[in-house]
Amino acid sequence: MTGRIKNLINKAKVIRSLKARIFVLIFLAGMIPAVIMRFGMVGNYEEHAVSVRTSDVTGQAQILANHLITYNYLQIPTSEIINAELEQLSNLYDGRVLIVDSAYKVIKDTYGISEGKTIISEEVFQCFQGKTVTRYEKNSHYIEVVVPIVEDEFYEDEYLEEELEENGDIVKIKGVLLISVSTENIMSTGEVLSRKADILEITMGIIIIGIAVWLANVLIRPINRVTDAINEVKGGFTDEIIEVSDYLETEHIIDAFNQVISRMRVLDKSREEFVSNVSHELKTPLTSMKVLADSLLMQEEAPIELYKEFMEDITNEIERENKIISDLLSLVKMDKTAADLNIEAVDINELMELILKRLTPIAKKEDIELIFESMRQVVAEVDEVKITLALTNLIENAIKYNKKHGWVKITLNADHQFFTVEVSDSGIGIPEELIEHIYERFFRVDKSHSREIGGTGLGLAITRNAILMHRGSIKASSVEGEGTTFTAKIPLSHLS
Ligand code: ADP
């Protein structure tokens, strides 16, 4: 794997990490308002300060313009008072004041550069039309204010404009006052403010990162505890119940996990039990064979009849061993899912006849009457081999656990969804409290009796699994000493 791919995988892990996401969320939630506030405040400062400065200067300029008329400065530009006022204004705003007469000639320049020169600019021209013009040169850092010098001091700007238009009387504007003031100090205050905001923002950023890291760790801790608790249990199914109740969500995860664990414990226990049962069941015939063989070997001159008799017993034990193994194999096959079924349409009536024909010799041996009653013709979608095995087991049990000269009655019926096979017998019955155990593997009501008649304790487990694989059901009812009835109910059409 190349380094790049590894890098990508690591990155993807970080993106998928809940901790990283919590961190980013808290960081953004803290920083976005801070950044918005900073830009709002610092950005607006310049705009606001310039507008305040412009209106200040405009106000001062208008006062000065009035004074110019009062002191007739345009005609005789020598007034000490006006000169002092001009000086004060230019000092106060760090600016330059120009007074232009109606012939566009500069009669006063506080910088003393342009006096006597003619000035024609858009602003001056507009001002002679009666407009007060203000202009902010952001790049060159100055504000320019141009106000008309009007004879009548009561004219307001807009009012004056209207008045002039109405009268066509432009003569009242005696000149214009042009003031340029520097905005350097506004800019430098803005810069100081911006620097302070930067420092504040960095400090806030560091604090928010700290809080985000801390919170991400704290919030994620219960999840880590869940992982730790699960890891602890993973090693072996101890009987411990784990608990992480910090969040409702972790509690739900742990509840579900505890349920899985307890289910696994049950499965583990039943697997252990099964293995020990299998070993025991497989050992029993071997032990018998060994005893038989040993006792023959111990006798110096055993008669041939004894050999024959013992060999017969040994053959029986081998057969038994064989039966247990083949039953176990059938059971393993039945443990699989419904997907392993080999489904085809089967005539159940025909199938029943065949099973009964096969079992008749065993029934005859004990003089047991087999009665088959079919209510209707039934064709169902089933796995023929598995259903045959299931039904054979039920009928075989009804014969095996019967009394001499007894009967077994098999009834086949169906509705539009299911077919049912009822197997009743006149046998020994099953004690009520044991009925719930009869489907367990290797369970036998009477071990020695069952062994005598060749039972392995696996037949009903196989039957039940086969029926469940077909999504059917089985139930048993019994009266001890009187007989037992098994009812198997299986769907007519297979639902995958
Ligand atoms: P087995 O191979 O021993 O017959 P099964 O799983 O078929 O094993 O049956 C389990 C036990 O249930 C049997 O050992 C027997 O005690 C009891 N049983 C099953 N069917 C009947 C029945 N029809 N009548 C009485 N007991 C029965």
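1. Buried means under 20% relative accessible area, exposed over 50%, and partly exposed in between (1.4 Å probe, protein chains only).

2. Basis of the note. This is a predicted model, in which local features need pLDDT of at least 70 and side-chain atom pairs count only at pLDDT 80 or more, while totals for chains, interfaces and linings use all residues. Residues are numbered from 1 along each chain as its sequence is written, and side-chain values use heavy atoms, with hydrogens and water left out. Helices (H or I, at least four residues) and strands (E, at least two) are DSSP runs, numbered from the N terminus.

3. A nitrogen atom of the ligand is 3.0 Å from an N or O atom in the side chain of Asp 425. A backbone N or O atom of Leu 460 lies 2.8 Å from one oxygen atom of the ligand. For Gly 459, a backbone N or O atom lies 3.3 Å from an oxygen atom of the ligand. Taken alone, the ligand exposes 520 Å², and the protein buries 97% of that. These areas come from the Shrake-Rupley method with a 1.4 Å probe; for residues, only the protein chains shown count as cover.

4. Ligand shell. The ligand is surrounded by 20 residues, and the closest are Asn 397, Tyr 401, Ser 450, Thr 456 and Leu 460. A residue is near if one of its heavy atoms lies within 4 Å. Helix 10 (384-400), helix 12 (459-469) and strand 12 (483-491) each give two or more residues to the shell. Helix 10 has the largest share, 3 residues. By type, the shell divides into 9 nonpolar, 8 polar and 3 charged residues. Here Ala, Val, Leu, Ile, Met, Phe, Trp, Tyr, Cys and Pro count as nonpolar, Asp, Glu, Lys and Arg as charged, and the others, Gly among them, as polar.

5. Helix 9. A kink of about 45° lies at Leu 359, shortly before the proline Pro 361. The bend is the angle between axes fitted to the seven residues ending at a residue and the seven starting there. The buried residues of helix 9 include Ile 348, Leu 351, Met 352, Ile 355 and Leu 359.

6. Helix 1. How many buried residues does helix 1 have among its 14 residues? The count is 0, and the helix is hardly covered.

7. Backbone check. Most residues other than glycine have a negative phi. Tyr 104 has a positive phi of about 65°. Tyr 104 is found in the loop between strand 1 (95-101) and strand 2 (106-109). Asp 367 also has a positive phi, of about 55°. Asp 367 is in the loop between helix 9 and strand 7 (369-374). Asp 367 counts as partly exposed because its relative accessibility is 45%.

Key. A polar contact is a pair of N or O atoms within 3.5 Å; within protein, one must be able to donate a hydrogen and the other to accept it, and residues adjacent in sequence count only if both atoms are side-chain atoms.
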